[in-house]
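Subject: Handover of a structure and notes on its contents

Dear colleague,

I am passing on to you the structure shown below, together with an account of what was found in it. I would be grateful if you would read the notes with the structure open beside them.

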Amino acid sequence: MSEILLDVQHLSHMFRLSKHAAIQAVDDVSFQIKKGEIFGLVGESGSGKSTVARCIMNVFKPTAGKILYHGINVCDPKEFRRNHKMLEATRQIIFQDSASSLNRRMTVADIIAEPMQIHRIKPPRGSYRAEGAFQLYYVGMDDSYLDKYPAELSGGQRQRVAIARALSMEPELLVADEPVASLDVSIQAQIINLFKHCNRDHGHTILFIAHDLSMVEYLCDRVGVMYRGKLVELAPTGELYANPQHPYTRALLSAIPIPDPIAERNRPKTEFDELSFDKDGVFTEMAPGHFVLRKENNR
Ligand SMILES: Nc1ncnc2c1ncn2[C@@H]1O[C@H](COP(=O)(O)OP(=O)(O)O)[C@@H](O)[C@H]1O
Ligand SMILES: [Mg+2]
């Protein structure tokens with residue numbers, strides 16, 4: 001059996017808005033990610049994906065449940081403190097808007113080098129500058145950008161610098177939260193290939209978050225589908241595409257655009273009936289490794 005790197009158990013997170021109002025952003029979500037796997041988490045905007053990602057990265061403290069990374073409960077303050085150096089060095093996150101969090105006063109070279117310097121990692125390619133150039137090359141930029149400041153770059157270039165910075169740490173777990181949503185389509189494909197390369201050649205485990213299923217089929221080994229804070233389906237990618245069970249998954253699949261405009265216009269689209277959603281279903285294994293949230297009496 002392959003080793004479990006990340007074990008999310010009954011994770012819930014509620015945002016309290018006022019004394020009387022709260023949002024249940026994540027509701028009893030469980031999944032595991034194996035070492036060396038690319039796991040996709042998919043669902044429409046507001047379904048709770050980023051909240052899951054931020055709980056995993058210790059940005060939010062879950063309201064309930066726990067998250068084990070290498071068997072360490074990262075939600076337990078004591079365990080977190082005891083392991084925080086390892087946790088910070090081996091887990092990296094890229095947000096859709098990572099670009100906006102780059103330090104405006106630092107050059108690209110310094111931005112990429114900073115995490116390695118903080119963690120006293122010797123640059124594998126001799127100098128931090130050489131390392132920066134190498135990482136830039138991988139995200140499709142040349143070394144003429146090393147001395148530029150974020151303000152001198154386009155939004156897409158800034159996002160790629162943020163990705164280069166995360167990858168410079170050779171993270172064991174990379175959480176990529178809609179990392180390419182702000183990039184041009186041609187660059188999107190390049191970054192997706194980069195993730196594939198990181199996984200295949202460097203063994204990085206990746207949690208890849210997306211709001212639709214279009215890129216997931218190519219990239220991910222297994223996929224979890226979220227709807228309104230619940231995980232409604234989880235399956236190996238091929239199985240999910242061939243045999244989707246939950247009506248919401250079917251709707252997401254039918255929304256993947258077909259490149260041929262005529263075929264795209266004529267194909268039937270499946271709509272999801274929100275009123276039919278039963279969040280109190282049971283997460284049931286229908287086929288090996290294929291789980292679906294469904295009503296208990298619906299066997
Ligand atoms: N910091 C926050 N404060 C209050 N509500 C939030 C906050 N972040 C997210 N939410 C709410 O939680 C729900 C899930 O959001 P999010 O995890 O960002 O979903 P996704 O990433 O799938 O779009 C949404 O209803 C969103 O409005
Ligand atoms: Mg999000």
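Are Tyr227 and Tyr248 buried or exposed? Both of these tyrosines are buried. Please bear in mind throughout that this is a predicted model.

Aromatic rings

The whole structure contains 10 aromatic pairs. One of them is formed by Tyr227 and Tyr248, whose ring centres are 4.6 Å apart and whose planes make an angle of 45 degrees, a tilted arrangement. This pair links distant parts of the chain, with Tyr227 in strand β9 (residues 222–227) and Tyr248 in helix α9 (residues 247–254), 21 residues apart. Tyr248 also pairs with Phe272: the planes stand at 70 degrees and the centres are 5.4 Å apart, so this pair is edge-to-face. Because Tyr248 belongs to helix α9 while Phe272 is in the loop between α10 (261–266) and β11 (282–287), the contact ties together parts that are 24 residues apart in sequence. Phe272, like Tyr248, is buried. Ring pairs join Tyr227, Tyr248, Phe272 and Phe277 into a cluster.

The charged end of Arg125 sits over the ring of Phe134, 3.4 Å from the ring centre. In the other case, the charged end of Lys196 sits over the ring of Tyr218, at 4.5 Å from its centre.

Helix α4

Helix α4 comprises residues 128–138, and its residues Glu131, Gly132, Gln135 and Leu136 are buried. Viewed down the axis of α4, the buried residues fall within an arc of 135 degrees, so they line one face of the helix. The elements that cover them include α3 (108–118) and α5 (155–167). After α4 comes Gly140, which has a positive phi, near 85 degrees.

Strands

An open sheet is formed by four strands in the order β2-β1-β4-β5, with antiparallel pairing. At its edges are β2 (22–34) and β5 (72–73), each of which pairs on one side only. Nine bridges connect β2 with strand β1 (residues 4–16) in the antiparallel sense. Within this pairing, Arg16 has Ala22 of β2 as its bridge partner.

Cysteines

How many disulfides does a search of the whole structure find? The search finds zero. Cys75 is in no disulfide, and the nearest cysteine sulfur, that of Cys55, is 7.1 Å away. Cys75 is buried, its relative accessible area being 13%. Cys220 is likewise in no disulfide; for this residue the nearest cysteine sulfur belongs to Cys198 and is 14 Å away. Cys220 also counts as buried, at 6% relative accessibility.

Yours sincerely

Notes. Residues numbered from 1 in each chain as written. Chains lettered and ligands numbered in written order. Predicted model: local features only at pLDDT ≥ 70, side-chain atom pairs only at ≥ 80, totals over all residues. Heavy atoms only, no water. Disulfide = S-S within 2.5 Å. Buried < 20%, exposed > 50% of the residue type's maximum accessible area, 1.4 Å probe, protein only. Phe/Tyr/Trp six-rings, centres within 6.5 Å; stacked < 30°, edge-to-face > 60°. Helix = DSSP H or I, 4+ residues; strand = E, 2+ residues; numbered from the N terminus. Lys NZ or Arg CZ within 6 Å of the ring centre and 35° of its normal. Arc of directions from axis to C-beta. Contact = heavy atoms within 4.5 Å. Pairing = 2+ DSSP bridges.
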